[in-house]
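Me: I have a structure open and want to go through it piece by piece. Can you take my questions as they come?

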Amino acid sequence: MKQITDDFIKSNNISVEKYISEKHLESYFQTKTRCVVSTGIDYLNGLFLLPYRKNMRKMAIYCCKCSNNQSLSHFISTSPWRPADLLKSVRTYAIKTIGKNGVLILDESSIKKSGNSSVGVSHQYCGNLGKKNNCQVGVFLAYFKKQKRMLIDERLYLPQKWINDKARCLKAKIPPEKIKFRTKHELGLEMIDNAIEEGIPFSYVTMDGFYGENPELLTELENRGLTFVADVAVDTLVYIEEPLVGIPEKKGTRGRKPTISKVLNTLSTRIDSLSSSIDGWKLIKVRKTERGYKKVYFKAIKVWRRQNKLPCEKPLWLLISKDVESNDIKYSLCNASEDTSLDELAKMQSSRYWIERAFQDAKVYCGMSEYMVRSWNAWHHHMALVMLAMLILLSYKIKFMKFHKISLHGVILIMKFHNPLKILNAGELARILNHDNEMRDRARASRLKGS
């Protein structure tokens, strides 16, 4: 790669406004009475350009050309522009940018929240902390091909306690038709069905153990003719011989005649017992890393999975990989065809790594977890804009990679060069400080009045 020159940076004047104009995305910010695209551009600039604590007040002070704090708040929380329509367009451009026949990756991400007013917030498992905490949980779908990745769809998980409290749901402005309990597995399947309906060309669906251990979800994917790679726990039970199911014969003369079907010819086996053998392992490079290649010892075994304590009709692959450096062992079920190569199966099993990178991109560069909103509409607006931000970054990175090696962080720096934060003069700073003092005094007076 050639050295990056100052002329290259000066000649590549990139911006949110330019991308939205080139892709004709203005219509997605049109309401019945006005177009709010200028406020959307200001919000996106805030997500990109602010270094940390990307709240709307800081956006209004340092990033906005056309908006103030109040208009940003209205844009995110109450403006009727439709995030679902914007996300559909984002998915269309994502496929064009990344390429066809990539991989859909299903996973969830939790964001710690204080208080109990934010929509969907509850004391539940928080993956970022590795324990239960007060947080919101979103179920997300990512699209990946050849190291290019981004989030393309989302669903906010509403715990049962929220559904049982209709007044709380209405206060958070959840649409009445959305006030019904749906499991995370159902939300994930809904996004996959949506991808099918939109004609997104993908080759695999991959998921972690939480989703992979749900046999009903895997059966639904099989019924749709989809190929999946689903991580499973070490104590998962499978059959390694083709099981024969039937009603066993009655033994002896006492008792009732058996009526429940069982496996007659073999016993189920824990999958961790199948990794002890040293036979059949192949050393495979699954992806490039900063230190060379990540390598695993890998093998695939034909098994029959279980559902409702009975074997499923069709066999599938049990994928077992052992990390060369750490010796960590990973197990996955995959219904790919029998002629699929071990190299491809191993790479598909390791592809969940890329949604973790996508979450990292979204949180570090696009402000995914730095929102300060409470309502249903605001959460979905924010997430749609985060995914649009990811698309903008990825598109510019791919454009630059034709000439130079530039990371997402490098794209942000070039964007900051052409779109610097405002430098406040003394008068502007004085007005901001006086306004802060006034707001604190009002808040203190309100608290004293309430007590």
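This is a predicted model: local features need pLDDT of at least 70, side-chain atom pairs count only at pLDDT 80 or more; totals for chains, interfaces and linings use all residues.

Me: OK. How many helices and strands are in the protein?

Reply: The protein has 16 helices and 16 strands. Its C-alpha trace spans about 95 × 65 × 40 Å along the principal axes.

Me: And how many of the residues count as buried?

Reply: 49% of the 451 residues count as buried. As for contacts with a separation of 6 or more, 65% are between residues 24 or more positions apart.

Me: Where does UniProt place the domain?

Reply: The UniProt record, an unreviewed entry, puts "Transposase IS701-like DDE" at residues 42-262. In the model that span is 35% helix and 25% strand.

Me: I keep clicking on T206. Where is the place of T206?

Reply: T206 is in strand β5, which runs over residues 202-207.

Me: Why does T206 count as buried?

Reply: Its relative accessibility is 1%, and buried means under 20%.

Me: Which residues does T206 touch?

Reply: Leaving out residues up to four places away in sequence, T206 touches V103, L104, I105 and L106, along with V229, M348, S351 and R352.

Me: Switching to the helices. At what angle do the axes of α13 and α14 cross?

Reply: Roughly 100°, and the axes come within 10 Å. Helix α13 covers residues 353-365 and helix α14 covers residues 376-401. The two are therefore roughly perpendicular to each other.

Me: Which residues make the contact?

Reply: From α13, A358, D361, A362 and Y365; from α14, V386, M390 and L393. By class, the contact of α13 with α14 has 6 nonpolar residues, no polar ones and 1 charged.

Me: What about α14 and α15, how do their axes cross?

Reply: At roughly 95°, with the axes coming within 9 Å; helix α15 is residues 408-418. So α14 and α15 are also roughly perpendicular to each other. On the α14 side the contact is made by I392, L393, L394, Y396, K397 and F400. On the α15 side it is made by L408, V411, I412, I414 and M415. The residues of this contact divide into 10 nonpolar, no polar and 1 charged.

Me: Which residues does UniProt list for "transmembrane region"?

Reply: Residues 378-396, again from an unreviewed entry. Over that stretch the model is 100% helix and 0% strand. Its end C-alpha atoms are 27 Å apart.

Me: Last topic, cysteines. How many disulfides does the count come to?

Reply: The count comes to 0 disulfides. C35, for one, is in no disulfide, and the nearest cysteine sulfur, that of C66, is 11 Å away.

Me: Is C126 buried or exposed, then?

Reply: C126 counts as buried, at 1% relative accessibility.

Conventions
Residues are numbered from 1 along each chain as its sequence is written. Side-chain values use heavy atoms; hydrogens and water are left out. UniProt positions are given in the numbering used here, feature names are shortened, and annotations may be inferred rather than shown by experiment. Helices (H or I, at least four residues) and strands (E, at least two) are DSSP runs, numbered from the N terminus. Buried means under 20% relative accessible area, exposed over 50%, partly exposed in between (1.4 Å probe, protein chains only). Contact means heavy atoms within 4.5 Å. Axes are lines fitted to C-alpha atoms, for helices over the stretch in contact, and angles run from 0 to 180 degrees between N-to-C directions. Angles under 35 degrees count as roughly parallel, over 145 as roughly antiparallel, 65 to 115 as roughly perpendicular and the rest as oblique. Ala, Val, Leu, Ile, Met, Phe, Trp, Tyr, Cys and Pro count as nonpolar, Asp, Glu, Lys and Arg as charged, and the others, Gly among them, as polar. A disulfide is a pair of cysteine sulfur atoms within 2.5 Å.
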